[in-house]
Each structure stands twice: as C-alpha cells, then as structure tokens.
Amino acid sequence: MRQMGSGRDEASLKELGIERALRDAEKAARAAQEYTATMVMKRQAEQLKDCEEELERTRIKGLEVGRKVGEVVANNKVLREELAKLGWGSEDGTATATPPPTQKPGKERIPVSNDAMAVVKMKHANGTLRSEGDIPRGLRLVMVGDSLMRYQYISLAYFLATGTWWDPSRKVRQITAERSKFNDWEDFFTTVTALLHPHEYCDCYRSAEIEDTTENRYFYDAKHDNFVAFHQAFGHNSSMHGSVAPGDVWKMLFDHAGAAEPPKFHYDLRERTWTANTWDGFIRDVASRYDPKPTHAIFNAGWWRNDFQGPGGDKAADDLLAALAGAGIKGIWKTVTRARGGAVPLFNIDAAMEKKFDTVLDVAWTGQLDAKWYWDEVHFWEPVYRISNEDLLIDVLGYELPQYYQRAIRSHYYDGYVPDGADTPLRRDYSSSENQVLDVAARPAGLRVVMVGDLGTFRSQYFSLIHFLAHGRWFDPAERTQCLVTPHDWAEEPGHPIPYFKRLRKAFGLHEHIDSWWTPSDADANDNRYFRTGPDAGDNYVAFHSKYGSLTTFRGRVPAGKVSALMGEVQQEAYYTAENLLGDYEAGESGWEHKEWHEFVEKHVLNVEPRPTHFVMSVIAMHDFTDKPEVLEKLIEVLHGAGVKLVWRTSTFHSNHHIVIYNIDDMMCKRADLCVDVGWTSNVGPEFYASLEMLHEPAYRAMNEDLLEALGYRFPVGYRKVVLEEELFEQKHPR
C-alpha cells in the first residue's frame, strides 16, 4: 500500500490543484468570450443577409420598373431625346441601366477536373436553382456559329428561362438533339420555341440549300433582363441573313412576350431585311444595332470551312476584331468540339484564333468523352452543352452562381470513368422536400384537357395529374400502399377494384364527378371522370374517358348536357351523402353510346362545358387507325374544326421492356399537333412496376411533367422535376 508523502508534498499537490483550477477557469472564460463573439457575428451576419435580401428585392423591383419605363421610352423619340439631355439612356434608346458583369482578364482556360468521386443523388444535383433571384441577370450575348453553337444556345436559354438544365436522361425529343424523334425541322423549331415561350422568337427556315437556310433565334426575359441571340453561320460558305430588321428585334420580342400562348410558328422562306456576307459586316450592320446592345459575342467556325483559313485569314480575323472594338463588344472564341473518338477538322484554325482573341472558351476536353454522349459523329447529348455553358457563364463571363449550386463534373463523362463503389446497389431517396407543395398561384391554371385511353397506365396518369392540380403536390412514392395511382395497392378483394374506386371518390372530394361501372370484362367496364377546380383554385378542367382501341365503345349514364351541372354540385359539401360519396359502380344501361371517335367528340366532348383545348390520346389495344385511316382523318377534322389540339402520348413499356404489338406511336406523333413521348419507360427499373404494365410513382409524375410542359405550363423556378436516370432508371449508379 502506497504511503502518504510528507506535508510538503501535500502542499505541493494543493498548489498544483489551484493552478489547474485557475487554468480551467481561464479556459472557460475564453470559451465564453468566443461563444459570445460568435453569436454576435452570427446575428450580424443574419442582419446583413436580411439587408442583402431586401436590397436584392429592391433591385429586382427597380429593374422591372426600369424596364417598363424603358418600353415607353423606346417608342417615344421626343422623350428619348429629352431624357438623353439629362444623362438617362441615349438618343437611340440603347439600354444603359444594367451594367454587364466584369469579364475576367486574359485567355480563360477551363481546367479539367480530376475528381473521381462517385456522383450521388442530391437535391439540385442537376443544377437546379432554388429561386428566381438566383438566375443570372443582365446578360447581353450574341452567339454565332454552327449547329453545335445552336444547341449550346438552346441549353443556355432553357436554363435562363427555367432555372434548371435539361435532364440528360430525357433523350426522346431532347431539345439539344434535332434527330431525337422530332418529325422534321419544322417540328423541332416549333417545339423548342413553344418550350421557351414567351421568351424566344425564332426567325427560322431549313432548306436543302444552305444559302436559303435561316436560323436566327432571339431570347429575352424582361424579369431578369437577359438578352441572348443565336445566328447560324456555316463558316463562310453562305451569307448570314434574316427577315427581322435589327432595329425591330426589341419590338418583336416585346409583342411576342405579350401573347398568352406561343404564336403560330411561321415556317417558310421569308423576304430578307438584312444580309451579311462577312462576320465583321454582321457585327457592324446587325448585332451592334440590337436593343439591348450586346456586351459579348462568342464565335465558332466548327467543322465548316471559313475565311479565317489560308492567306487571307489574318485580315478576316483582324476585320472581325476591329468591328467588335468599334461596336464596344467583347469577343470570345470557342474552340472546335471534338468528334466521336477525339478527331478535329484538318483545317482547324483554333491555334491562330487564340492568338487573336483575348478570351477563349476551350472545349478541347470533349475529346475525352465517352462515345455514348454523342447522338451522331459530332453532336452531343446533354449535359455536354450544360458543362460548356457553366464554363461560359462562370469562368468567362464572371457570373456568380449560389454556393449551393453544384457544377457538373466533366471527368464523370469521360471514356473509361468508373464511379467509386460501382458494385454497390443504388439507394434511392425520396424525401418530402423534393416533392414540393406549390401554392395555388404557382399551379397550372385554366387547363381544358380531355384524356382518352386505357384503364391501365393512362388512367393512372390521370389520377396523378388531378392529385397535383387539387393539392399542389404529387403522390409520395415512398407510400406505395396508400398511393391511389395503382389499383394493385388498394384492392381489398383480388381482381375487384370497387373498394379502390370508392377510395378514389373520397380522396378527390369536391373536385371530381364519376360516371363509371366495373365488370370482370374490360369490354363491359366503363370509366368516365370529370375533374374541375373552381376559379379560386386554378379553374382547371380535366376529363378521362376509357377506351380499349376498337374493342370497346364510348358510353356513359350521364349525358353531356348534365355533366357541367353535376360538376358544380360535387363542389358543394351538401352533395356528399353516403350514397353519393360511394357511388353506384354496378353495370347498368347506358344513357349514351358512341362507336366512332369523331361522333364521341362531336356529340359528347364538345358539349361539356368548359370546352377542351386539348384532346390527349393513348391507345394500347387493337385500333382502326392503321386499317381505316379515314377514322383518324375524321377525328382530326372534327377536333381542328372546334379549335382543339390533338396530343398523342406514346405507349409505356412493360416491365420486361417490351411494348404493345399494335404500336402506332411513330405514325401518331407525325399526325398529332403535340407528341408526348414516354419511350424512356423502357429504362425504368423493375422495382417501379406493380405488375407487367402498371407503374409506381414517380413514373406518372414524370409523364405529367412532360405533358404539362407540352401544354404550355412552366414550373416555377426552384421546382425540381424527376431526374429520370437517378430516380427511375434501372442501374447501379447515376452519372
């Protein structure tokens, strides 16, 4: 046993204990001071953030007011002259309110990321901005070049209009790939312009002769004061020309933006109002006269022969730079994108042009891309254009995107890239924050849609859509046992859907009138549904009518004249007695019946108020449209005669990746006014199938997001669409 030390030792220990206590007290005091300072700094930071947000709101409001004043000034020469004397604006109406962002000096070289960490699914991983305030502002850019520059422009315009980039997994009718199931060039031009409405005007015509081909695109968003123009140039193999005079561009964009719906696209060879045989002539006589005046112009000759080659190349380049300097426009040279396999044209002029231009957007990294990111030998799928635009916006033009924003990592798209943990199964996470709830003001409004199709996936898509319209959110995919889009999740008796119907009736409450009955035979079953929200909830009307191709007729108990009154009644609480709530789903005699499609439209659809503007079809069973083309012709004649657009939704793929044998999607997409192609369902993972053909959410949500955009609805900035490759496709890891 240890003996106690001497008294002196005890005194030393006591002294040591006091010293330790003093040190602990000093340490605690310093910690308290640091905590107090931290809290003060945090509070100051919060106050500063509040001030910055208030300042930003004031700035945005000021820009909007300034733009409205500018619209008046632009149309009043006397007022412009008087204001110019006071130093506001200029006599020619050139905008001066928003200074361009500071350009980084010198030649901008974009470093290649060597980061090999696996991409994981996260909120905003696809580059979605959270609010409109985060969208870049004051952009003044002209883009001149070939088809690759066109697709980069479209990618950029979509981001500026929506606050997000195009989902790379949506490769059917992808707006940066003309050959992705668009019927022809007119279909491509029309679709892209409608998608960017009301911000874009397309002075476009495609001819077999490049001298007759015109593609001038003008994008302007007044709210964010962004102006971007694209002018196609086939090197110097043809002139640049257009039908809109430079001085009329602003008025044309202003008139175009005022249209509630995209104006009819005029696809024809129009009379030219300007022609430029050289690029310097284009800058001098056309681009410099735009209002708002561009601050930057980016050029690319790509794979086309041009005047910058050969003995006269130096002079042609010097003339272009002189024109830019005279117009006060900063020039950017974009290097040539690499072909599949990394090839470059024999007449590559990048080295010479890099010596001339102060700023270069270098896209040589495209030579390392995996071949699957090409849709032909030289053109790309997204996100290649997104990466180029992030380089342009952030590294060249100097725009600052929010700290939360995640840039695409280009090395993850290189040939041979393998994510870490490639053998680990993908874990899908559906958090409630991703399924945002939109308030009434942000939801679609004024929809007038009739959906006609099968009692399987198409009716489930209808349920998904009306749930979103009624509640501002989609069904939660994590709650499959409670998800109303799939009968398999609710039927109390196997193969007997009446309990499911009753729950549907209760779920959609004051919005839906149902005229339905069920029998074990699909030919005898019938489902007519009429959904309506009141003026204070969007004033939307969506109807669904079941049809199994030529195997069934259209029929129901309630005639068209009574449907509108019944829709009004179901919006009253008093309507919901137990009998009305549960409904009568037993088979009975029809009050009306139509065998032919055009008769059904003429005698029923067009006699229900409100009248539809769109007739959405999907047919998976035997039909008459191939053997009897007059059936389809008559239907289209009746619809167009009533001002109703035909929309075709293609067939969904089964869990075995097969499709129905009666498929007529290609034919119908060519004949319809709009085509919503859901061919991406061929990649959906097996866990998202409730049966051979029935899907789980968020598959129907993704279909409806495509449908709503085709109908002209624009999701608010910050809304996150389903990212197909990450959330639905069968795979181990997302790219």
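**Sheet and disulfides**

In this predicted model, β2 and strand β3 (residues 214-221) pair in the antiparallel sense over 6 bridges, where helices (H or I, at least four residues) and strands (E, at least two) are DSSP runs numbered from the N terminus and two strands pair if DSSP finds at least two bridges between them. Within this pairing, D203 stands opposite N216 in β3. Helix α4 (residues 185-195) packs on the sheet and touches β2 and β3, its direction making about 170 degrees with that of β2; contact means heavy atoms within 4.5 Å, and axes are lines fitted to C-alpha atoms, for helices over the stretch in contact, with angles running from 0 to 180 degrees between N-to-C directions.

The sheet itself is open, with 7 strands in the order β2-β3-β4-β1-β7-β8-β9 and mixed pairing. Because β2 (200-205) and β9 (359-361) stand at the edges with a single partner strand each, one side of each is left without a neighbour in the sheet. From one strand to the next, the twist averages 15 degrees.

Counting as a disulfide any pair of cysteine sulfur atoms within 2.5 Å, the model has 2 disulfides. One joins C202 to C204, with an S to S distance of 1.7 Å, and its torsion about the S-S bond is about -95 degrees, so the disulfide is left-handed. C669 and C675 form a disulfide with sulfur atoms 1.9 Å apart.

Residues are numbered from 1 along each chain as its sequence is written. Local features need pLDDT of at least 70 and side-chain atom pairs count only at pLDDT 80 or more, while totals for chains, interfaces and linings use all residues, and side-chain values use heavy atoms, leaving out hydrogens and water.
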